[in-house]
Amino acid sequence: MVPVNIDKELCTGCGFCVDICPYKAIQLVGGKAEYMLMEDCFSCGHCQAVCPVDAVSMDGLVSDLSFSTFSELQGMVQPGTGKVSELVSLMRSRRSCRRYQAKTVSLNLLEDLVKIGTTAPSGTNSQSWRFIILPERDNILMLGDLTADYYRNLNRQARNGILRFLVKLSGGDSLGKYYRRYHDSVAEALREWDEEGRDRLFHGAVAAILVTGRKDASCPAEDALLATQNILLAAHVMGLGSCLIGFVVEAMRRNSGMKNKMGLDAGEEIYSVIALGYPDIKYQRPANRKPVMAKILRFKRDRV
Ligand SMILES: Cc1cc2nc3c(=O)[nH]c(=O)nc-3n(C[C@H](O)[C@H](O)[C@H](O)COP(=O)(O)O)c2cc1C
């Protein structure tokens, strides 16, 4: 928790911070806002953001994210003032990239993407995500080798009918399902990786960002995936192609050796692996979508 400081000289007692606080951690005392140090306060900073006279500060949190590849606009985009057409166009134009140029992505750009990731919401404002940047193709290949070892072993187990039977007896058919759905295509991808140097895992990406989170945070998976989506959209605007690599996430989750190698500690889980690089392909039109079916519910409240 980061304590809130209120400059009593500046405070006009308007009470905006009192009203906005989700935990009543601020009260008006003698016409001035006063912060009651409360365990529940999760340092969301709404009190600071809403103050008309800038009387609220929070030491230890930074307002300037110090991007190095672009200048951030100052101020807020107030509701109703952004261009929804541009936003939606950006969202629809992002595609998973599976063809990259060999060109390196600068570390500055990758670090800026991580900072952009941290602008996402997080459960109880825990911001407990962590990011691991792999800035070189060699790093990607090493992670690819570890992933290939994992699936080679899994394929070996899945081919074993007795093992599949025993797993089924113990209450699940995960190995059988894997065998039926993935074994053959994974075997072929492994053969291509080993014999032809063909990369059907990262698709030739030159960099990657791994998004992890503290397992004991309130919503670590959601936090990490929201940060991930920010990164995917920003990467597109910054000229990069990106692709989520679920196969690596799955391998890392089940293999502590891979986690150790990637620098995760025991309290940390992997939630996404984002392959990145300059695209070697240009799409001419956005993705079509399945027709949307939203259920609309209207009912009368049965309590008064
Ligand atoms: C959780 C998740 C895991 C994914 N894993 C992979 C993957 O391992 N390899 C891959 O090529 N694409 C992967 N993708 C990309 C999806 O295939 C892609 O998002 C989907 O086909 C829609 O295409 P689009 O992203 O171009 O709109 C993954 C996407 C998600 C959301």
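**A loop residue and its surroundings**

Mentor: Threonine 124 is found in the loop between α4 and β5. Please bear in mind that the model is a predicted one. With a relative accessibility of 43%, threonine 124 counts as partly exposed, because a residue is exposed only over 50% and buried only under 20%. Its backbone also deserves attention: the phi of threonine 124 is positive, about 45°, although the residue is not a glycine. As a general rule, most residues other than glycine have a negative phi. Lysine 24 is another non-glycine residue with a positive phi, of about 50°. Lysine 24 is found in the loop between α1 (16-20) and β2 (26-29), and its relative accessible area of 64% makes it exposed.

The partner of threonine 124 to consider is serine 218, whose side chain makes a polar contact of 3.2 Å with the side chain of threonine 124. Serine 218 belongs to the loop between β6 and α9 (220-237). The side chain of serine 218 also has a polar atom 3.3 Å from the backbone oxygen of glycine 123. Apart from residues up to four places away in sequence, serine 218 touches Gly123 and Thr124. Its relative accessibility is 44%, so serine 218 counts as partly exposed. Serine 218 is also 15 Å from methionine 1, C-alpha to C-alpha, although 217 residues separate the two in sequence.

Helix α4 (residues 107-117) holds aspartate 112. Aspartate 112 is buried yet forms no salt bridge, and the nearest side chain of opposite charge, that of lysine 115, is 4.1 Å away. The side chain of aspartate 112 does reach the backbone nitrogen of serine 68, at 3.0 Å. When neighbours within four places in sequence are left aside, the contacts of aspartate 112 are Ser66, Phe67, Ser68, Thr69, Phe70 and Met238. One of these, Phe67, is included in a separate core of 25 residues, together with Ala207, Leu240 and Tyr271.

The core has 33 residues, of which Leu143, Phe202, Leu210 and Met252 touch the most other members. Helix α5 gives the most, with 7 residues. Domain 2 (95-149 + 198-304) and domain 3 (150-196) both give residues to this core, so the core lies between them. Methionine 252 is in contact with Leu143, Leu210, Met258, Lys259, Met262, Leu264 and Ile270, residues up to four places away in sequence not being counted.

Finally, the chain as a whole. Besides domains 2 and 3, the chain has domain 1 (5-57). The C-alpha centres of domain 2 and domain 3 are 25 Å apart, and their contact takes 16 residues from domain 2 and 13 residues from domain 3. The chain contains 11 helices and 8 strands, and 36% of its 304 residues count as buried.

How values were computed:
Residues numbered from 1 in each chain as written. Predicted model: local features only at pLDDT ≥ 70, side-chain atom pairs only at ≥ 80, totals over all residues. Heavy atoms only, no water. Core = buried A, V, L, I, M, F, W, Y, C linked by side-chain atoms within 4.5 Å. Buried < 20%, exposed > 50% of the residue type's maximum accessible area, 1.4 Å probe, protein only. Helix = DSSP H or I, 4+ residues; strand = E, 2+ residues; numbered from the N terminus. Domains from an automatic or database assignment. Contact = heavy atoms within 4.5 Å. Lys, Arg positive; Asp, Glu negative; His and termini not counted. Salt bridge = Lys/Arg side-chain N within 4 Å of Asp/Glu carboxyl O. Polar contact = N/O pair within 3.5 Å; in protein donor to acceptor, adjacent residues only side chain to side chain.
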